[in-house]
Amino acid sequence: MNDIAQGTIEAFRLIFTLDPDLLEIVGLSLRVTVTAVLIASLIGLPLGAWLVINRFRFRRQTIAVLNALMGLPPVVVGLFVYMMLSRSGPFGVFGLLFTPTAMIIAQVIIITPLIASISHQTIRDLWADYHDLLISLNTSRWQRITALLWDGRRALLTAMLAGFGRAIGEVGAIMIVGGNIDHSTRVLTTSIALETGKGNFAFAMGLGFVLIALAVTINLLMHSLSRTERASVW
Amino acid sequence: MNDIAQGTIEAFRLIFTLDPDLLEIVGLSLRVTVTAVLIASLIGLPLGAWLVINRFRFRRQTIAVLNALMGLPPVVVGLFVYMMLSRSGPFGVFGLLFTPTAMIIAQVIIITPLIASISHQTIRDLWADYHDLLISLNTSRWQRITALLWDGRRALLTAMLAGFGRAIGEVGAIMIVGGNIDHSTRVLTTSIALETGKGNFAFAMGLGFVLIALAVTINLLMHSLSRTERASVW
Amino acid sequence: MLPLTLDGAIARVRGKTLVGPVDLQIGATGLTIVMGPNGSGKTTLLRLMHGLQRVSAGRVDWAVPDGVARGRQAYVFQSPIMMRRKVVDNIAYPLALHGVPRRQARSTAAEWAARFGLGDALERPAPYLSGGEKQKLALARALIRQPEILFLDEPCANLDGRAIREIETILQQARADGTRIVMATHDMGQARRLATDVVFMYGGKVHETAPAPAFFKQPATAEARAFINGDIVE
Amino acid sequence: MLPLTLDGAIARVRGKTLVGPVDLQIGATGLTIVMGPNGSGKTTLLRLMHGLQRVSAGRVDWAVPDGVARGRQAYVFQSPIMMRRKVVDNIAYPLALHGVPRRQARSTAAEWAARFGLGDALERPAPYLSGGEKQKLALARALIRQPEILFLDEPCANLDGRAIREIETILQQARADGTRIVMATHDMGQARRLATDVVFMYGGKVHETAPAPAFFKQPATAEARAFINGDIVE
Amino acid sequence: GEIRLAVTTSFQNSGLSDVLLPQIKKDIGLDVQLVVVGTGQALKLGEAGDVDAILVHSRKAEEAFLKAGFGTHRREIMYNDFILIGPSADPAKIAAAETAASALQKIAATKAPFVSRGDDSGTHKKELSLWQAAGLDPATFGSWYRAAGAGMGATLNVASGMDAYVMADRASWLNFGNKGDLELLFAGDPVLFNQYAFIPVNPQRHPHVKTELVAQLEDWLTGETAAKLINGYKINGETLFTFNATKP
Ligand SMILES: Nc1ncnc2c1ncn2[C@@H]1O[C@H](COP(=O)(O)OP(=O)(O)OP(=O)(O)O)[C@@H](O)[C@H]1O
Ligand SMILES: Nc1ncnc2c1ncn2[C@@H]1O[C@H](COP(=O)(O)OP(=O)(O)OP(=O)(O)O)[C@@H](O)[C@H]1O
Ligand SMILES: [Mg+2]
Ligand SMILES: [Mg+2]
Ligand SMILES: O=S(=O)([O-])[O-]
């Protein structure tokens with residue numbers, strides 16, 4: 001309990017003194033996560049739309065599997081990426097293990113199914129509206145996907161933000177592939193895990209509050225940006 | 001690489017020999033996660049609907065914060081619950097720390113925002129359809145919420161399955177509050193983390209495959225159940 | 001609860017005045033037909049009276065407290081809103097809201113469906129009905145509440161000749177039973193058959209109100225004259 | 001690409017036959033009006049011809065390959081489908097699909113909007129249009145492609161008298177320019193004004209086809225006779 | 001240059017690395033990146049060539065590692081000791097015990113809760129060997145013996161939450177913040193000696209490992225500056241580690 005209060009104080013201290021170590025860690029967290037979200041969105045959003053507009057044999061099953069993959073256990077993803085990038089693995093020669101790139105790869109694997117799945121659900125409702133029109137206009141697949149993604153862009157933001165949330169809070173996978181190396185691959189979540197292991201609960205809590213504040217700020221920012229857009233474009 | 005192949009073999013061995021330790025672990029994983037999903041749905045689904053139908057001062061901000069909470073870092077949640085349930089914490093007298101109940105509490109905190117957020121998004125589209133009718137019929141708030149939840153139930157399944165996925169794959173929080181105690185609070189993800197730490201990558205991968213298979217099965221099951229329903233009710 | 005009095009009532013959306021200021025009284029008896037060119041504000045006026053459109057300025061008052069009035073009205077929308085349920089459940093929904101037991105609500109709904117020629121469609125999902133069938137459902141759902149005042153927004157636009165006649169009979173019957181009807185229509189024949197008085201909308205304002213015989217014989221304004229003749233109204 | 005030949009064509013949904021078997025030929029010239037009671041299958045027939053409704057049995061053949069035919073048709077839906085964009089972007093969309101540069105597409109769209117009396121609404125979001133304005137938008141969007149065949153499903157149901165007249169003029173003009181028109185309507189006057197031949201639907205079957213003058217003077221079947229008189233068709 | 005060194009959680013938790021690494025950087029310009037993992041995982045990382053050297057404290061596992069040819073040699077650097085920790089009330093009265101074995105016997109006799117690492121780490125293996133020396137077999141214990149299956153810090157957190165006995169290395173304990181009602185109750189038996197060793201990864205298996213830099217690091221770690229820093233490292237005035245590297 002007391003630790004929570006101390007954690008709050010700690011969080012304020014960290015933020016207001018602009019602790020350089022904290023800034024470095026926050027910077028890396030953001031860099032890794034934003035990159036991962038962008039890559040995962042580039043794959044996941046069109047994939048979600050594609051699954052909506054195409055009818056194929058095992059469509060339902062594919063969607064069920066996609067939904068299931070939202071639950072990919074991070075540790076397993078971490079292990080898998082580790083094995084791929086390890087020196088004795090197939091991509092070992094690139095020396096990517098214990099680098100931010102490895103962390104991005106792991107996060108992309110974790111959040112792509114999440115983004116695709118939420119985007120699928122969003123787009124499905126829009127497609128129910130647009131179906132007849134877009135078929136009637138003899139649109140190509142790609143034209144359908146772009147129309148749906150564009151007109152559904154504000155709702156798709158939720159998918160991206162969900163991916164962001166998942167990625168920025170994730171620890172299991174990036175611990176394994178990043179190694180939590182000081183000044184190199186240490187991010188907020190791995191620092192929190194480290195401090196927890198040392199029993200420094202107040203400090204860990206402080207970092208946790210910083211992380212939550214970060215996530216809230218980003219969400220408010222995106223929401224207000226997308227609202228501005230609504231007023232002007234519409 | 002080799003570990004992945006061995007992991008696959010290991011997974012099949014574990015499943016087909018019905019390894020009793022595995023069964024215990026899988027059973028606890030399911031018990032904890034299903035309970036958490038049910039509780040979180042009971043809170044999150046109506047909350048999502050409530051946020052849709054009510055216009056209040058800081059509504060957009062509340063939704064942004066809810067979205068941000070999707071990214072609650074599990075380790076922080078774990079720490080928080082630990083402090084609450086610890087002997088010196090406010091709920092210490094109940095002796096819940098390092099029990100499955102503690103793990104359920106942590107998971108509920110983690111997945112409720114996720115479920116509420118996806119349900120909010122789903123319900124929002126339905127509400128756009130229903131708004132005029134339900135207002136015109138002079139429905140009470142509660143009647144609106146129930147109508148939306150009922151008519152949107154199939155889409156809400158995705159929200160619950162997303163919650164399930166997130167919960168069953170989660171490790172950071174339940175490691176802290178459950179303690180990964182053998183024969184007591186050890187679940188699939190904590191076992192995987194343990195085996196990874198021991199360097200038993202193949203075994204960890206095997207457990208990972210079991211976990212993924214479990215998630216896929218549950219998703220397929222829910223999807224086919226909800227499809228059956230569609231044919232009969234509609 | 002009548003008369004309904006609009007006193008300088010204005011409907012404004014994002015700074016743009018859609019309708020008003022309107023001064024109008026809907027007396028206790030009669031059948032009012034709202035006419036006017038497309039986009040002249042008929043729908044907005046009806047929504048304003050029903051309380052679906054927020055009054056930006058001026059007043060809309062019932063002879064009873066608002067809360068009481070809200071429960072005694074019904075509204076048929078220009079594009080019918082189908083709940084994602086079976087036809088019978090759609091029609092029974094207003095009864096269900098009032099706590100009528102499910103079995104009884106459904107059997108009453110079945111009677112009403114039959115009166116509107118939907119007897120064969122009871123168990124079909126409402127969203128799959130044809131355009132005209134949807135309008136019939138909406139009418140049945142509005143009338144089943146036996147409202148004191150009934151707003152109808154072009155309810156016969158998609159109906160065939162016979163259905164129009166039958167529904168006009170039902171409406172005359174309802175009127176005889178004491179339901180006050182306010183209806184927008186483009187069907188001049190229908191207006192002549194039903195109206196006791198006419199509200200002519202033009203450019204978002206009530207341009208002319210008159211008893212029906214007088215209006216159809218000799219409209220007071222040039223615009224109404226042109227409108228009745230199907231001429232260019234400028 | 002004409003004639004369009006339906007040969008034993010059946011539309012079946014989940015085992016239930018909605019329309020058919022239909023044998024019908026739509027020749028190269030003329031303006032065909034499809035009439036019939038609500039739920040008789042007019043919409044389904046039009047969708048079948050346009051390729052929106054899957055042909056469950058029998059054939060629907062154009063004089064050119066299907067792929068070619070698909071690009072040269074347009075369809076106006078019974079309930080207009082608004083893309084979540086501005087009016088001008090809705091109307092320009094078919095041009096955009098054909099790679100017309102944005103600026104040019106928008107200016108052409110603006111011209112068409114003006115022809116349909118939407119000149120003032122260009123920059124408004126299409127979903128907020130009034131019922132009649134939506135129908136006008138849908139008509140403009142269909143005609144802007146200058147299709148060889150145009151299907152219209154009760155396109156004037158929500159229009160005022162003047163708009164109906166203007167649109168009939170535009171349709172006559174389009175027909176003179178070589179567009180083949182097939183249109184469902186409940187408006188007997190409109191049918192008389194426009195039709196060169198009539199398809200009378202009844203109970204999901206083509207009950208009678210005849211040149212317009214003959215049909216309106218002396219329908220061959222008792223059902224068509226009753227329908228024209230607005231009598232009970234049984 | 002920079003090299004990667006896999007270390008165990010107990011080493012990282014001691015805080016010694018925060019003292020050594022900056023000095024290494026200063027003295028020989030080397031960035032040592034610590035990858036903190038479980039003992040088994042550290043050995044695996046070395047085996048796969050993902051790190052350049054490892055620093056662990058589990059003699060048997062280290063020897064197996066060398067025997068399989070994954071490392072070039074084993075160099076002892078320093079040692080500290082294990083301690084027994086428990087609730088301040090000390091229900092098993094182990095504070096009065098003569099030897100580690102008798103302390104464990106007392107715990108087993110009173111069936112007071114005991115939390116084990118349960119993760120096959122160096123610390124865990126040591127604990128198991130102590131039970132064996134006490135003539136007891138954890139496999140036969142009841143629910144008072146809890147295998148946490150976690151790192152040192154997490155296990156201490158569990159023990160603190162449960163008011164249980166636990167064995168830890170002294171460094172982790174002193175640096176541990178969540179002490180709750182726990183206290184150091186027993187230490188000093190020579191069997192509790194905990195040797196850390198440095199093993200470079202074999203460049204014959206993994207040509208990319210930075211053997212040169214590893215050798216520099218090894219020299220530094222076994223040199224005088226290191227000796228001074230290690231012996232001088234104190235928490236709350238207590239010395240934690242004893243430098244015991246021999247000159248080659
Ligand atoms: N997807 C569907 N599933 C089940 N029944 C359907 C479906 N679509 C249409 N129907 C039914 O098929 C019949 C014909 O429908 P259709 O829409 O073609 O009628 P219509 O002649 O256009 O009627 P209206 O004049 O009311 O528009 C109706 O009874 C309708 O309820
Ligand atoms: N939410 C809105 N935002 C902006 N403009 C709106 C909105 N709703 C309606 N309008 C505009 O207000 C005007 C009046 O609309 P309304 O729907 O009341 O017309 P109407 O008389 O019912 O027309 P119709 O006969 O076509 O149904 C229209 O020009 C419409 O485009
Ligand atoms: Mg209207
Ligand atoms: Mg129709
Ligand atoms: O060094 S340990 O792995 O035993 O913490």
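Predicted model: local features only at pLDDT ≥ 70, side-chain atom pairs only at ≥ 80, totals over all residues.
**View 1. Where chain A meets chain E.** Chain A brings 19 residues to this contact, and chain E brings 22 residues. Put together, the two chains bury about 1500 Å² between them. Carbon and sulfur atoms account for 51% of that area. On the chain A side, look for A:R87, A:F98 and A:K198: these residues lose the most area to chain E, and together they make up 35% of what that side buries.

**View 2. Polar pairing across the A–E interface.** How many residue pairs are in polar contact between chain A and chain E? The count is ten, with both partners at pLDDT 80 or more.

**View 3. What the chain A face is built from.** Helix 9 of chain A, residues 188-197, gives the most to the side that touches chain E, putting in three residues. Sort that side of chain A by class and you get seven nonpolar, ten polar and two charged residues.

**View 4. The two domains of chain C.** According to the domain assignment, domain 1 of chain C is made of two stretches, 1-65 and 151-234, while domain 2 covers 82-146. The C-alpha centres of these domains sit 26 Å apart.

**View 5. The contact between the domains of chain C.** Twelve residues of domain 1 touch eight residues of domain 2 here. Between them the domains of chain C bury about 850 Å², with 70% of it on carbon and sulfur atoms. Which three residues of domain 1 supply more of its buried area than any other three? They are C:N158, C:I167 and C:I170, and they supply 47% of what domain 1 buries against domain 2.

**View 6. Polar contacts between the chain C domains.** Three residue pairs are in polar contact between domain 1 and domain 2 of chain C, both residues being at pLDDT 80 or more. The salt-bridge count between these domains is zero.

**View 7. Helix 6 on the domain 1 face.** With five residues, helix 6 of chain C (residues 161-176) gives the most to the side of domain 1 that touches domain 2. By class, this side of domain 1 of chain C has ten nonpolar residues, plus one polar and one charged.

Conventions
Residues numbered from 1 in each chain as written. Chains lettered and ligands numbered in written order. Heavy atoms only, no water. Contact = heavy atoms within 4.5 Å. Buried area = accessible area lost by both parts, 1.4 Å probe. Polar contact = N/O pair within 3.5 Å; in protein donor to acceptor, adjacent residues only side chain to side chain. Helix = DSSP H or I, 4+ residues; strand = E, 2+ residues; numbered from the N terminus. Nonpolar A, V, L, I, M, F, W, Y, C, P; charged D, E, K, R; others polar. Domains from an automatic or database assignment. Salt bridge = Lys/Arg side-chain N within 4 Å of Asp/Glu carboxyl O.
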